[in-house]
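The sequence and the model come first, and the description follows.

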Amino acid sequence: MQGLTNYMEEVVERNLDTIMAKFPSCCKCEECRRDIAALALNNLPPRYISSFKGDIFARVNEMEVQHLVEVIQQIAQAIKIVTAHPRHKVKSEAEDAAK
């Protein structure tokens with residue numbers, strides 16, 4: 001349906017790099033980034049908006065500390081899961097050095 005946006009996608013995307021930086025062993029390729037975002041979003045309640053007024057309400061709601069803590073927790077948990085079980089072959093340091 002056109003005109004509907006899950007505002008939570010924007011919140012996760014906006015916070016993803018900051019949280020990933022705190023996990024140096026986390027792969028930062030696009031596939032892992034998408035997997036982390038998808039996993040986090042699947043564990044967060046959707047926040048659909050359809051208007052400018054809804055966008056403003058969602059942004060005000062995002063400022064609540066508990067809301068942001070929940071987003072950070074879900075992103076961090078998703079990072080741990082994807083790091084432990086990446087969907088691609090993990091390169092060893094020897095492979096990287098050989099290139």
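Helices (H or I, at least four residues) and strands (E, at least two) are taken as DSSP runs and numbered from the N terminus. This is a predicted model, in which local features need pLDDT of at least 70 and side-chain atom pairs count only at pLDDT 80 or more, while totals for chains, interfaces and linings use all residues. Residues are numbered from 1 along each chain as its sequence is written, and side-chain values use heavy atoms, with hydrogens and water left out.

**Overall layout**

Five helices and two strands make up the elements of the chain. Their order from the N terminus is β-α-α-β-α-α-α. The accessible surface, from the Shrake-Rupley method with a 1.4 Å probe and with only the protein chains shown counted as cover for residues, is about 6900 Å². Carbon and sulfur atoms hold 57% of that surface.

A residue is called buried under 20% relative accessible area, exposed over 50%, and partly exposed in between (1.4 Å probe, protein chains only). Of the 99 residues of the chain, 30% are buried. Contact means heavy atoms within 4.5 Å. Among contacts with a separation of 6 or more, 78% join residues 24 or more positions apart.

The 14 residues of α1 should span 20 Å at 1.5 Å a residue, and its end C-alpha atoms are 20 Å apart, which agrees; the expected span is 1.5 Å times one less than the number of residues. At R14 the helix α1 bends by about 30°, where the bend is the angle between axes fitted to the seven residues ending there and the seven starting there. Buried residues of α1 are Y7, M8, V11, V12, N15, L16, I19 and M20.

A nonpolar core is a set of buried Ala, Val, Leu, Ile, Met, Phe, Trp, Tyr and Cys residues joined through side-chain atoms within 4.5 Å. The largest one has 20 residues, and V12, I36, V71, I75 and I79 touch the most other members. At least two residues of this core come from each of α1 (7–20), α2 (30–42) and α4 (65–84). The most come from α1, which gives seven. Apart from neighbours within four places in sequence, V12 contacts A37, L41, L44, V71 and I75.

**Selected residues**

| Residue | Relative accessible area | Class |
|---|---|---|
| N6 | 12% | buried |
| F23 | 22% | partly exposed |
| C26 | 5% | buried |
| C32 | 2% | buried |
| D35 | 17% | buried |

N6 lies in strand β1 (residues 5–6). Leaving out residues up to four places away in sequence, N6 touches P46, R47 and Y48.

F23 sits in the loop between α1 and α2. With the residues up to four places away set aside, F23 touches K28, A76, I79 and K80. F23 and I79 are 56 residues apart in sequence, and their C-alpha atoms are 7.9 Å apart in space.

D35 belongs to helix α2. Beyond its neighbours within four places in sequence, D35 is in contact with V82 and R87.

**Cysteines**

A disulfide is a pair of cysteine sulfur atoms within 2.5 Å, and the count here is zero. The cysteine sulfur closest to that of C26 belongs to C32 and is 6.6 Å away, too far for a bond. C32 is in no disulfide either, with the nearest cysteine sulfur, that of C29, 3.7 Å away.
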